[in-house]
Amino acid sequence: MPIPDSSRACSADFVDRHIHGIAGVDFATSSVADIRSGLEYLYSRRTTRVTASIPTVDITQLSASLERLGPLVAAGLLKGVHLEGPFIARDYAGAHPIQAVLSPASSQGSSYLDEVLAHQRTHAVVTMMTLAPELEGFDALVETLVAHGIAPALGHTGATYDQMAHAINVIHALTEAPVVITHAYNAMRGFHHRDPGPMLAVLEAAANDRAIVELIADGRHVHLGLIRWWFAHHPEAIRLVSDASAATVPPGGHPIGDSLPRLGHAQLAYPELQGPVVTDDSTLASGTKDLLAIHDNLVAAGVDHAAVCPAMRD
Ligand SMILES: CC(=O)N[C@@H]1[C@@H](O)[C@H](O)[C@@H](COP(=O)(O)O)O[C@@H]1O
């Protein structure tokens with residue numbers, strides 16, 4: 001498919017820091033050859049720097065995924081690996097399998113962390129890990145991750161306003177860098193005037209350069225009015241991500257290979273109307289567009305092209 005002129009006007013190619021796969025390829029479970037094909041396809045659509053996101057998977061699958069992805073990071077084909085789980089809230093797991101979600105304070109949780117750290121000591125490929133702030137053992141987990149070069153991100157959470165504010169402070173004190181909020185609004189407790197929830201703490205942090213918000217601006221995950229609000233008020237805090245999966249097929253594209261699309265352990269369905277969903281319960285599972293399609297979508301919706309391009313860079 002020809003690349004639209006407006007995206008060519010972005011001086012740099014796109015950086016996708018949250019993407020699980022593309023067009024039939026699942027970064028957690030596909031073969032290295034298929035992952036390479038998926039990356040080539042993304043490069044052809046100007047997403048040339050990719051952090052592979054691994055959803056909540058069991059410890060055996062985690063090891064297999066890291067073994068496969070490590071050499072791709074070493075070869076410079078991937079920027080790194082983002083572990084989205086297993087330390088997330090069961091009530092906000094979204095498309096992640098609840099049976100694989102763990103508490104950091106449990107013995108299984110501690111074995112899982114040991115496995116991540118063992119890999120990290122030999123091949124430091126994990127760059128970010130998404131955590132829910134309200135889980136028991138959160139503060140200690142954050143310290144351990146930071147000590148091993150893994151940036152804690154916050155998401156898949158039922159945190160209160162206070163819990164989120166505390167978590168951002170704890171991480172910021174250790175990293176002195178803005179804290180990444182994993183696909184803000186999605187798979188998170190919502191807003192109520194007596195219980196404002198995590199996003200008020202995120203808004204306050206963004207206003208003080210202490211938070212970066214991932215936004216899935218595919219027209220389905222977050223209302224365009226909210227996306228416009230962020231561009232109008234805190235454009236520098238926005239990180240546009242695709243959250244694409246194997247079930248995400250860009251316009252004019254075709255699935256690579258003929259296996260059914262997966263998100264780690266979950267079987268997905270290619271979208272007919274709504275977007276990628278988990279086959280057995282219609283939970284929205286991932287983004288419906290890659291960054292090029294998101295770019296064109298936002299520009300067509302009136303968001304300033306000059307603001308969209310930097311939100312897709314580092
Ligand atoms: C890989 C991943 O986790 N993707 C999440 C999904 O889990 C969640 O179900 C969906 C909708 O969330 P919402 O219903 O809270 O808006 O957002 C994202 O697609």
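This is a predicted model: local features need pLDDT of at least 70, side-chain atom pairs count only at pLDDT 80 or more; totals for chains, interfaces and linings use all residues.

Residues are numbered from 1 along each chain as its sequence is written, and side-chain values use heavy atoms, with hydrogens and water left out.

**Helix pair.** Select 32–44 (helix 2) and 59–74 (helix 3): their axes come within 10 Å and cross at roughly 45°. Helices here are DSSP runs of H or I, at least four residues, and strands are runs of E, at least two, numbered from the N terminus. Now show side chains: Val32, Ile35 and Arg36 of helix 2 meet Arg68, Leu69 and Leu72 of helix 3 (contact is heavy atoms within 4.5 Å).

**First loop.** Jump to Pro86, in the loop between strand 5 (80–84) and helix 4 (107–122). Check the peptide bond from Gly85 to Pro86: it's cis, with omega near 10°.

Next, pick His156, between strand 7 (151–154) and helix 6 (161–175). Its phi is near 45°, positive although His156 is not a glycine. Buried or exposed? His156 counts as buried, at 3% relative accessibility (buried is under 20% relative accessible area, exposed over 50%, partly exposed in between, with a 1.4 Å probe and protein chains only).

Finish at Asp209, between helix 7 (198–207) and strand 9 (211–215). Asp209 is a non-glycine residue with positive phi, near 60°, and it is exposed, with a relative accessible area of 53%.

Notes
Axes are lines fitted to C-alpha atoms, for helices over the stretch in contact, and angles run from 0 to 180 degrees between N-to-C directions.
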